[in-house]
Amino acid sequence: MPKVAMRVNGRAVSGEVEGRTLLVQFLREGLGMTGTHVGCDTSQCGACVVHVNGVPVKSCTAFALDLDGAEITTIEGMANADGSLGRVQQAFQDHHGLQCGFCTPGMVMSAAALLAENPTPSEAEIRTYLEGNICRCTGYHNIVKAVLAASGQDPATIAAE
Amino acid sequence: MPKDGIGAPMKRREDLRFLAGDGRYTDDINLHGQAYVWFLRSDVAHGRITRLDTAAAAAMPGVLRVITAEDFAHAGGMITAWQVTNRDGTPQAEPKHPILAEGKVRHIGEPIAGVVAETLEQARDAAEAIELEIEELPAVVDMAAALAPGAPKLHEDIDSNLCFDWGFVDDNKAKVDAAFESAHHVTTLELVNNRCVANAMEPRAAIGLYDRPMDHYTLYTTSQNPHVIRLVMGTFTLQIPEHKLRVVAPDVGGGFGSKIYNYNEECFVTHAAKLVGRPVKWTATRSEAFISDAQGRDHVTKIQLALDKDGMFLAFRTETMANLGAYLRLFATVTPTYLHGPAAGGPYRTPVAHVHVKGVFTNTVPVDAYRGAGRPEGSYQLERVVDKAAREMGIDQAEIRRRNFVKPEEFPYQTPMAVVYDSGNYHATLDKLLELSDYAGFAKRRAESEARGKLRGFGFSTWVEASGLAPSRLIGALGARAGLYESATVRVNPTGGISVLTGTHSHGQGHETVFAQIVADKLGIDAGLVDIVHGDSDKTPFGMGTYGSRSAAVGGSAIAKATDKIIAKAKKIAAHLLEASDADIEVADGKFTVAGTDKAVDWATICLTAYVPHNYPMETLEPGLEETAFYDPANFVYPAGAYGCEVEVDPDTGAVTVMRFVAADDFGVVLNPVVVAGQQHGGIAQGISQALLEHTVYDESGQLVSGSLMDYAILRAGDVPGFTVDHSCVTRCEHNPLGVKGCGEAGAIGAPPAVVNAVVDALQAGGYGIKDIDMPLTPSRVWAAMHEG
Ligand code: FES
Ligand code: FES
């Protein structure tokens, strides 16, 4: 079987994969990093979002073999150096932006990517950016609040209209 | 009061692991030597299996065994938990629900065989080598067709496709008919409550493990109720006694009802682990979930409301067909009956009412409880007919409701539907809604929308549910085959830390935080000293799990009760140490004090004394500090709310935009306001999603057309605005120790009629004579309704 090498959360990793092995399978089964989730089989839900060379990617839609040499960041790599929650993660806890936690890794990774592109997004921009991430628990309300807060804006501005 | 006591907005502690990627969901678990199963499922909705040859598949690389129905010859079918009695006194029809198809298939996705192999890919490849021939039979998908004479029959072991024919309360029937005879006005509405797929974001998964030397099984599964699975799957289906089976439901990624039931795949992996001598793992794909998870709703109803000249309700009656799919799952027959009828009268003083429901088998995926379970169907039909009646009689929507509400001073209120609402104040929640939604300013907002070429509507929904399942004696009399108490063990450790073992299960509800608040509050200690343990039948006392908004009202009450027992014993220990009478001991801030003195011992001393009992009243008190309580509620709880939805409709396209959504709820005492608001948001979103987007479609042959997230629309962040939610109108539950009512299902019950009523309001205001329109209100449906009338 072919071998693939990449850096995941700053750590050099390698492993044997089949041509059909998805990035998410390589992370979960090959590396035992189960923070990244699989919620669907049609690239709809976004539970699997990771960053590949700084860009958000649905890891159920990328072949591991294509990513030789890539720099991957997963939810496990989002904490601060001292192990405390990173800025986006902390905002999700502060604003109750998660319930069952299953969509959460993908939501946090998408939200972090948004803030990297657009440091002070509007509520509408947040909602539009998160179109690829389904959450069945929160109704998105507190996720949007969390992202506003993580961007340093007042989360109380979220309201009807 | 400790800072994280009852009512405090404590941040959720479970979030730390979920946010770090350290959650432990079933699919995250891998056992040494585990094998994988792939299921061969039926691709036709109805047919006879004429050939099933597994020899070639069994010979494929990596295959350990191909398992079929013959391997389950010793097992029973999967059971249903409630026996509904027909109007003629006979019991419901209960056809066998086999684990793997026995000679016949009855719905798309029904499992026929499971291939167990070293890898998932090998199992999947081998499943394609199974030689399967099915002689296709005519399928019935439509309920009326299924009940017609000569319809293709699903089950040979019962008479027809009718499961039950149930009336509630049947004694009311003559009075209801008489009220209609003398009514000033009768409003009639026919509607469909669309079938939904719960789609918890974590697909179901299960791992079976068999320990041969101990003759002991373990099942890891995505369940809302591990003890229930151990009981019904173990003893009733697989014939494994409870003490030989451990069921673990670790972190579970949402349930919404769909993870209550004992599923075929759980039975399979448990038994297969023994057959192959290896752990066996299964994880559903999302597409597999669409054809194997129990689906929800799917009622076709005619409702009629009789009114006098002042718009006072005199009676209502319904005729409903409830689609059960091909087989009965655990709550399949209770959902459209006893979870539907008792609160179907809503917050109104309607003197008499009758609901008539026929449960129907069709060649579709089984239907069972989905967030709200029977109560959303009830509130939807009632709130829509009330809306229509108000329009027909020219009465304001808020006014017709207010006129008919049970008055605050009338509680406890005996309804005509056999239950007693213990407390409530429906006028207060409606007033709160009008205030928060700026109803007075609606006309101005409508004018602004019209200036932009949009139609604007405001929709009301005022609802009550019966939840907090459930008083055992009452439900036993109604056909339940189980009790619905809940259990808790409060285990105090020698140095003062506490483990609370609960029979409920958290799959998003935040129990690990909220339940700790209850114990911390009662003892006056830091919530950090309290850990919540759930989801493992070997650790927790027998309990019934989480659904029906029961965790706080029933499970929380069990915890409160067990904590009271701890306090009673701790007081005795304190009294001994302080040489006082235990009747004089008071507990506050983690200190046990002799009333009126400064003589006190702290919590740590009490705990240490209990476990190092050198100075201890050994003659009258056992050492140790651990108590268990079972709490059986005296009544249901009756959360209620007033919801308002404002929409804009684009008259050119029929597209609906939700502009505002306001919810004013009465959940009784609120344990954690942040968690409660989260439950409101999530329920409302699911309700809006059902009303506007979600639809489960089968074609005439029983093929599922909406079989993936590509075809089945779920609400996304951009589809809704922020919600305004309120739970400040509090009437205490009168019969549980915490005064709580339950909030998990509220939004899914209250939201759909508010959305649809808003769209009807917008269209009427635009001059379109829409009377009937069914969910989901997609642009094409709205546009068609505008141009048909
Ligand atoms: S798993 Fe659903 S988008 Fe990747
Ligand atoms: S928190 Fe459960 S799916 Fe988002």
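How many aromatic pairs does a search of the whole structure find over all chains? The answer is 29. This is a predicted model: local features need pLDDT of at least 70, side-chain atom pairs count only at pLDDT 80 or more, and totals for chains, interfaces and linings use all residues. Residues are numbered from 1 along each chain as its sequence is written, and side-chain values use heavy atoms, without hydrogens and water.

**View 1. B:Phe168 meets B:Tyr338 edge-to-face.** Rings of Phe, Tyr and Trp (its six-membered ring) pair if their centres lie within 6.5 Å; planes under 30 degrees apart are stacked, over 60 edge-to-face, the rest tilted. Here the centres are 5.8 Å apart and the planes at 80°. The two residues are 170 residues apart in the chain.

**View 2. B:Phe313 and B:Tyr348 belong to one aromatic cluster.** Their ring centres lie 5.1 Å apart, with planes at 80°, so this pair is edge-to-face. B:Phe313 is buried at 4% relative accessibility; B:Tyr348 is buried at 2%. B:Phe405, B:Phe411 and B:Tyr426 complete the cluster.

**View 3. The charged end of B:Arg204 sits over the ring of B:Tyr263.** The distance to the ring centre is 3.5 Å. A charge sits over a ring if NZ of Lys or CZ of Arg is within 6 Å of the centre and within 35 degrees of the ring normal. B:Arg317 lies over the face of B:Phe180, 3.8 Å from the ring centre.

Conventions: Chains are lettered from A and ligands numbered from 1 in the order in which they are written. Helices (H or I, at least four residues) and strands (E, at least two) are DSSP runs, numbered from the N terminus. Buried means under 20% relative accessible area, exposed over 50%, partly exposed in between (1.4 Å probe, protein chains only).
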